[in-house]
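This briefing is meant for someone opening the structure for the first time. Please have the sequence and the 3D view at hand while reading.

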Amino acid sequence: MKKLFACLALAAAVLAPAAWAQSDAASAPLAAASAVIAAVAPAADAAASAAVVAPAADAASAVAAPAPVPNKGDTTWMMLSTLLVIMMTVPGLALFYGGLVRSKNMLSVLMQVMVAFSMIVVLWVVYGYSLAFTEGNAFIGGTDRLMMKGIWDNAAGTFANAATFSKGVVIPEIVFAAFQATFAGITACLIVGAFAERIKFSAVLLFLALWFTFSYLPIAHMVWFWMGPDAYTAAGVVDEMNSKAGLIWQWGALDFAGGTVVHINAAVAGLVGAYMIGKRVGYGKEAFTPHSLTLTMVGASLLWVGWFGFNAGSALEANGFAALAFINTLVAAAAAVLAWCIGEALHKGKASMLGAASGAVAGLVAITPAAGNVGVGGAVAIGFISGFACLWGVTGLKKLLGVDDSLDVFGVHGVGGIVGALLTGVFNSPALGGPSAVADWVTVSMVSADAYSIGAQVWTQAKAVGVTVIWSAVVSVVAYKIVDLVIGLRVSEEEEREGLDISSHGETAYHK
């Protein structure tokens with residue numbers, strides 16, 4: 001553990017001095033382009049679906065037209081959304097996971113979530129944001145924004161802007177960077193539920209640092225990075241601008257707020273970890289019942305509330321499509337709760353509190369890629385389907401896989417993420433009440449109902465899912481192997497039986 005923190009401190013000391021200095025306006029990079037969603041947007045008040053950092057206009061255009069000024073309402077909404085995502089993680093996810101483990105491991109889960117989130121936020125500032133959301137190639141970004149270089153001019157007191165999906169509409173780039181930092185943080189924290197109660201604390205941190213660097217950042221770049229709506233000035237530049245986008249964005253895959261980037265990506269990493277670390281001592285022979293479903297329900301409720309920032313915030317504006325994502329997040333989760341409870345009642349004769357909480361999360365996961373990409377009816381359908389699908393994921397599929405995924409990360413986030421990603425391609429169709437996708441970013445015209453092909457879009461969604469699964473699996477196997485060789489993955493049997501609260505942190509959650 002000491003070696004791990006020493007390495008992190010040394011790296012920070014080497015990188016910080018040169019990087020902290022903010023460049024002046026002349027040396028700042030021409031804004032890095034980025035998107036919080038891929039290729040969808042939706043007309044009317046703007047093409048809103050996610051987030052972009054649009055490239056700065058060339059010198060001639062800058063003279064011809066004044067630079068857009070951020071709207072204070074949009075900026076406020078994005079800062080609020082960022083706070084909501086932080087609440088999702090600490091305390092929301094921490095309490096949801098903490099209530100599901102045995103009491104002797106409660107603090108270990110809380111520690112893993114809080115410290116992992118904090119570490120990823122720091123790494124995001126150092127290099128993560130730059131590699132995810134600046135121009136590079138189809139797989140990874142560049143180094144223009146290392147340590148947030150150029151994101152503001154401290155001498156002049158001016159800030160770089162990030163565009164929304166509306167042409168000429170911007171927010172401060174520093175707000176966009178903070179919003180995306182919380183996405184990276186919660187994604188990493190989702191993974192810890194798969195191997196809870198048996199992994200070394202230092203192993204969690206080292207693995208997540210490696211996985212964040214080599215899986216999260218490339219997938220985020222491939223799915224969400226593009227050159228922004230203002231780059232599409234004329235038909236003659238379309239091919240050039242498209243070629244600079246991330247690979248999966250170029251395909252036209254739709255991911256409003258992270259079905260692939262967040263949920264599938266994390267779920268695969270968790271599943272691989274559950275296999276490689278092995279089953280908990282006594283698994284299948286002893287009872288592994290949650291120690292506090294009360295705390296789990298509180299955590300699920302905080303997740304549900306915070307998810308409005310996660311999904312609706314991904315529109316990057318306080319507009320109609322943020323409102324669409326908002327109501328879709330509400331109704332999809334509610335529908336999934338009902339579906340899970342119905343499924344449990346039919347299967348076991350009783351609906352459970354754990355099932356209701358799990359159903360809410362399942363619906364939230366599934367609607368994430370679809371939030372601003374489908375109509376309200378589509379959101380209800382996605383919620384119901386995901387509730388039944390994820391119930392099967394944590395029962396039937398889990399048995400088929402023969403894995404000790406402690407808190408059902410793959411059963412909920414993996415299955416829910418895949419279901420949501422595929423159904424986005426179905427219910428995005430205008431014929432089914434969806435807003436369709438942008439056909440031409442020069443004019444911001446949409447694909448017509450007659451021209452929209454559900455089969456073609458679902459195939460595109462499936463390719464995005466496949467790349468995410470394979471990429472995350474390969475990176476995870478290598479990262480776990482490295483961690484195992486360097487510091488070891490698992491605590492001893494004695495430490496595991498004692499509980500990680502005492503053996504890893506020297507404290508207990510509850511005093512008798």
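The accessible surface of the chain comes to about 18800 Å², and carbon and sulfur atoms account for 69% of that area. The model is a predicted one. Its chain has 512 residues, of which 57% count as buried.

**Overall build**

- The chain contains 17 helices and six strands.
- Among the contacts in the chain with a separation of 6 or more, 79% are between residues 24 or more positions apart.

**Nonpolar cores**

- In soluble globular proteins, nonpolar side chains tend to be buried together.
- The largest nonpolar core here has 126 residues, and Trp 124 and Tyr 216 are the ones with the most contacts inside it.
- Helix H6, residues 201-224, gives the most to this core, with 17 residues.
- Leaving out residues up to four places away in sequence, Trp 124 touches Tyr 129, Ala 132, Phe 133, Met 148, Ala 177, Gln 180, Ala 181, Ala 184, Phe 212, Tyr 216 and Leu 217.

**Aromatic rings**

- A pair of aromatic rings is described by the distance of the centres and the angle of the planes.
- The structure holds 24 aromatic pairs.
- One of them joins Phe 195 and Tyr 480 in an edge-to-face arrangement, with 6.4 Å from centre to centre and 85° between the planes.
- Phe 195 lies in the loop between helix H5 (173-191) and H6, while Tyr 480 lies in helix H15, so the pair ties together parts that are 285 residues apart in sequence.
- Phe 195 has a relative accessible area of 0% and is therefore buried.
- Tyr 480 also counts as buried, because its relative accessibility is 0%.
- Trp 226 and Tyr 232 form a tilted pair, at 5.8 Å centre to centre and 40° between the planes.

**Two single positions**

- Thr 187 is placed in helix H5.
- Thr 187 counts as buried because its relative accessibility is 0%.
- Apart from neighbours within four places in sequence, Thr 187 is in contact with Trp 211, Tyr 216, Val 261, Val 262 and Ala 266.
- Ser 448 is found in the loop between strand S6 (445-446) and H15.
- Ser 448 has a relative accessibility of 39%, so it counts as partly exposed.
- From C-alpha to C-alpha, Ser 448 and Pro 435 are 9.7 Å apart in space, and they are 13 residues apart in sequence.

Technical notes
Residues numbered from 1 in each chain as written. Predicted model: local features only at pLDDT ≥ 70, side-chain atom pairs only at ≥ 80, totals over all residues. Heavy atoms only, no water. Core = buried A, V, L, I, M, F, W, Y, C linked by side-chain atoms within 4.5 Å. Buried < 20%, exposed > 50% of the residue type's maximum accessible area, 1.4 Å probe, protein only. Helix = DSSP H or I, 4+ residues; strand = E, 2+ residues; numbered from the N terminus. Contact = heavy atoms within 4.5 Å. Phe/Tyr/Trp six-rings, centres within 6.5 Å; stacked < 30°, edge-to-face > 60°. Areas by Shrake-Rupley, 256 points an atom, 1.4 Å probe, with all protein chains shown as cover.
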